[in-house]
Amino acid sequence: MLKTIIFLIYFVRFCDFCIATNSGGGLPVLDDELEEGPGEPEEPSTPSTTTTEEPEEPGEPTTPSTTTTGEPEEPEEPEEPTTPSTTTTEEPEEPEEPTTPSTTTTEEPEEPTDSCPDATWTLFDRGSYSWCMKAIVQSTQGPTAAQNCENFYSGSKPSGFQTATEVTTMIAQAKAANNGVDGRFYIGAYRNAACIGKMLTASCTKLNSFYWTDGETSGTAGWIWDGVQPNNWNSDQNYVYLDTSANGMGDANGAATYAGVICGIKAT
Ligand SMILES: [Ca+2]
């Protein structure tokens, strides 16, 4: 019975189908059903990302370009230490040259600032020291001249002459001290033992027959002799005088009395 019913239903539907088909009416029912039917579930659209997400084939390991580009680079040589600059900075500064000029200046002997006993003495710069001279007008013989200096000013002695200038200067001073009258003044000189009793010879000359007795004067520049002097008249002239009229010196016997003595002393 059930089968019969199913058959009938099927038949009816089939018949309708046939009718519809035969009448050329198409398949409205079927279409409706098809249209009304639930759409086929859309195929899950394969996400386009799939392709993108497709894991990239792992590329060949990118061999470092350096490898392919060529020979392996040689390891860089260590930079050489920049010796030049180092040398420059480390170069010791040259010591400054000593300023010799100023040093020389300071080492120069100072100009004499010493003074004489008083203004009547004449000051002479002898380089390493200063020397004072004064013409003492007091009649004297040779042997007593030294005592006259000491009596006049303690420590002074008959003076020698370091330079020709000292000679000419003291000639003028002596004459002035003697009121402008020329005269002879004993000085600090005495005949050398080797030349006593001798005239001028090859070994006893104008420059070595006598020596300076004041203990300070040196050299031969002060030996300014007058004319034929020293002539050692009678072979006993061992003293020396300064003659203001002759502008030079002469030797004499110490027994002769003269106008005075030229005294000298170191400036202080
Ligand atoms: Ca003489």
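A residue is called buried if 20 or more other C-beta atoms lie within 10 Å of its own. By that rule, buried residues make up 25% of the 268 residues in this protein. The model is a predicted one, and it contains 8 helices and 8 strands. Among contacts with a separation of 6 or more, 63% join residues 24 or more positions apart.

Confidence comes next. The mean pLDDT of the protein is 76, and 58% of the residues reach 70 or more. Two stretches stay under 50: residues 80–89 and residues 99–104. For residues 80–89 the model has 1 contact beyond four places in sequence, and for residues 99–104 it also has 1. Where pLDDT is low, the predicted coordinates should not be read in detail.

Now look at helix α8, which covers residues 164–177. Its 14 residues, at 1.5 Å a residue, should span 20 Å, and the C-alpha atoms at its ends are 20 Å apart, which agrees. Which residues of α8 are buried? They are Glu166, Val167, Met170, Ile171, Ala174 and Ala177. Seen down the helix axis, these buried residues fall within an arc of 135°, so they line one face of α8. An α-helix has 3.6 residues a turn, so residues three or four places apart point the same way. Thr165 and Ala176, on the other side of α8, are exposed. The buried residues of α8 are covered by elements that include strands β1 (122–125), β2 (130–140), β4 (184–191), β6 (239–243) and β8 (258–266). After the helix comes asparagine 179, with a positive phi near 60°.

The largest nonpolar core has 34 residues, of which Phe185, Tyr241, Leu242 and Ile262 touch the most other members. Two or more residues each come from β2, α7 (145–152), α8, β4, β5 (210–212), β6, β7 (248–252) and β8. Strand β8 gives the most to this core, with 6 residues.

Leucine 242 shows how parts of the chain meet. What is leucine 242 in contact with, leaving aside its neighbours within four places in sequence? The residues are Met170, Ile171, Ala174, Arg184, Phe185, Ile187, Met249 and Ile262. Of these, Met170, Ile171 and Ala174 are among the buried residues of α8.

A last stop is serine 130, which lies in strand β2. Serine 130 has 18 C-beta neighbours inside 10 Å, so this residue counts as partly exposed. In sequence, serine 130 and isoleucine 265 are 135 residues apart, but in space the distance is 8.9 Å, C-alpha to C-alpha.

Definitions and conventions
Residues are numbered from 1 along each chain as its sequence is written. This is a predicted model: local features need pLDDT of at least 70, side-chain atom pairs count only at pLDDT 80 or more; totals for chains, interfaces and linings use all residues. Helices (H or I, at least four residues) and strands (E, at least two) are DSSP runs, numbered from the N terminus. A residue is buried if 20 or more other C-beta atoms lie within 10 Å of its own, exposed if 12 or fewer, and partly exposed in between; C-beta atoms are placed from the backbone. Two residues are in contact if their C-beta atoms, placed from the backbone, lie within 7 Å. The expected span of a helix is 1.5 Å times one less than its number of residues. The arc is that of the directions from the helix axis to the C-beta atoms. pLDDT is the predictor's confidence in each residue, from 0 to 100. A nonpolar core is a set of buried Ala, Val, Leu, Ile, Met, Phe, Trp, Tyr and Cys residues joined through C-beta atoms within 7 Å.
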